[in-house]
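Welcome! Here is a short tour to read alongside the sequence and the 3D view.

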Amino acid sequence: MRDGKDPVAERRAYLDAPLVSDLLDRYVAEHVDKRNRPRTRDEVKRLVERHVRPQLGRHKVAAVTRQDIAKLHRDLEATPRQANFVLAVCSKAFSLAEAWSMRPEGSNPCTKIERYPENERERFLSAEELGRLALRCGGRLRGAGLEGGPRRPTSKHLAKPENRRTLYARVTTAAIELLLYTGCRLSEVLNLEWKRVNFDEGTITPSETKSDRKGKPVRQVVVMNAPARQVLKHLEKTKASLWVLPSTVDAERPLSKAAIEAAWQRIRSTAKLDDVRLHDLRHTVGTYAGQSVPTPSWCATSYGTRTCR
């Protein structure tokens, strides 16, 4: 007190100081829910609840040190990509804490923590693999359904090889075709509504949009090439839902990610493409679009761009 300080007020200020848990709540409500795309939003929330909040939630925001963040990062060393994502989430949250006067300026505890090296996975299908996939689809990717393998290859009584067929719903094969023909993300294809398909202008406008550096949404338009138009025209003939790819269980909902992922596991197995993900179809379109070599005739011949032409 002789030095002009108030111990009681300092003690009360410390007790009333926000916890990291409070910061995370505000970070999610005011930034993640408003700025991030749905898939990113879900992943950030998962990491916050599973890793950040349990380890740092009861700490005072102003008291978190670089050593605390480094320990959290180090505990996730076995999954480097996830560890780096958690570090990025923490960095953004504590950057906002400075803007919200919860910490002094320039005190972000995530600075100078070295990220783990990540193995970049660049996978795209070769012309031979594309042909193999097409062959498993009856020669072309346009058909009433897709032929898959047996559900239980180790079953005691198996049908003859020529009778081991699984006929998938048209929306399942159409989803794969649109991924390959448009270069759209899986979420963009599954959540596509008919009102966002313009046959006159030859464009597709995904409902999900990117944001610029200021957080403002950026309109994206995918140019519809001939194969994509043919698939969409075929689906339009029997449309009974506002969704281009409605669920086979409930037409009021779009085809679920779980359903298409489960189907793809079997489809890629029969085509001997076990390491190929659905997202790799998008990589494939972009790769062929950027090369001077011609794209296989049955594949997309005109990569859908992200801007209006």
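**A first look inside**

The second largest cavity holds about 30 Å³ of space. On a 1 Å grid over the protein atoms alone, a cavity is a set of points where a 1.4 Å probe fits but cannot get out, and a volume is the space filled by probe spheres set on the points, which are joined across faces, edges and corners. This is a predicted model, where local features need pLDDT of at least 70 and side-chain atom pairs count only at pLDDT 80 or more, while totals for chains, interfaces and linings use all residues. Residues are numbered from 1 along each chain as its sequence is written, and side-chain values use heavy atoms, with hydrogens and water left out.

**The chain as a whole**

- The protein chain has 11 helices and five strands; helices (H or I, at least four residues) and strands (E, at least two) are DSSP runs, numbered from the N terminus.
- Of its 309 residues, 41% are buried, where buried means under 20% relative accessible area, exposed over 50%, and partly exposed in between (1.4 Å probe, protein chains only).
- The accessible surface of the chain is about 18,000 Å², and carbon and sulfur atoms own 50% of that; the areas come from the Shrake-Rupley method with a 1.4 Å probe, and for residues only the protein chains shown count as cover.
- Among contacts (heavy atoms within 4.5 Å) with a separation of 6 or more, 66% join residues 24 or more positions apart.

**Cavities and a pocket**

- Searching the whole structure turns up two cavities of 30 Å³ or more.
- L178, T182, C184, V189, L192 and I204 line the second largest cavity.
- That lining has five nonpolar residues, one polar and no charged; Ala, Val, Leu, Ile, Met, Phe, Trp, Tyr, Cys and Pro count as nonpolar, Asp, Glu, Lys and Arg as charged, and the others, Gly among them, as polar.
- The second largest pocket has about 240 Å³ of space, a pocket being an open set with protein on both sides within 12 Å along at least five of seven lines, and lining residues having an atom within 4 Å of a point.
- Its lining has 14 residues, and L186, S187, L190, N191 and K257 lie nearest the centre.
- Five nonpolar, four polar and five charged residues make up this pocket lining, with α3 (38-56) and α8 each giving at least two.

**Nonpolar cores**

- The largest nonpolar core has 39 residues, of which V197, L232, V244, L245, I260, W264 and L281 touch the most other members; such a core is a set of buried Ala, Val, Leu, Ile, Met, Phe, Trp, Tyr and Cys residues joined through side-chain atoms within 4.5 Å.
- Two or more residues of this core come from each of α6, α7 (170-182), α8 (186-190), α9 (226-236), α10 and α11, and α7 gives the largest share, eight residues.
- Another core lies apart from it, with 29 residues that include V86, C90, F94 and M102.

**Residues in loops**

- K112 lies in the loop between α5 (80-99) and α6 (127-136), has a positive phi near 65°, and is exposed at 78% relative accessible area.
- K272 sits in the loop between α10 (257-270) and α11 (279-290), with a positive phi of about 60° although it is not a glycine.
- R196, in the loop between α8 and β1 (197-198), is partly exposed at 27% relative accessibility.
- Leaving aside neighbours within four places in sequence, R196 contacts T203, I204, T205, P206 and S207.
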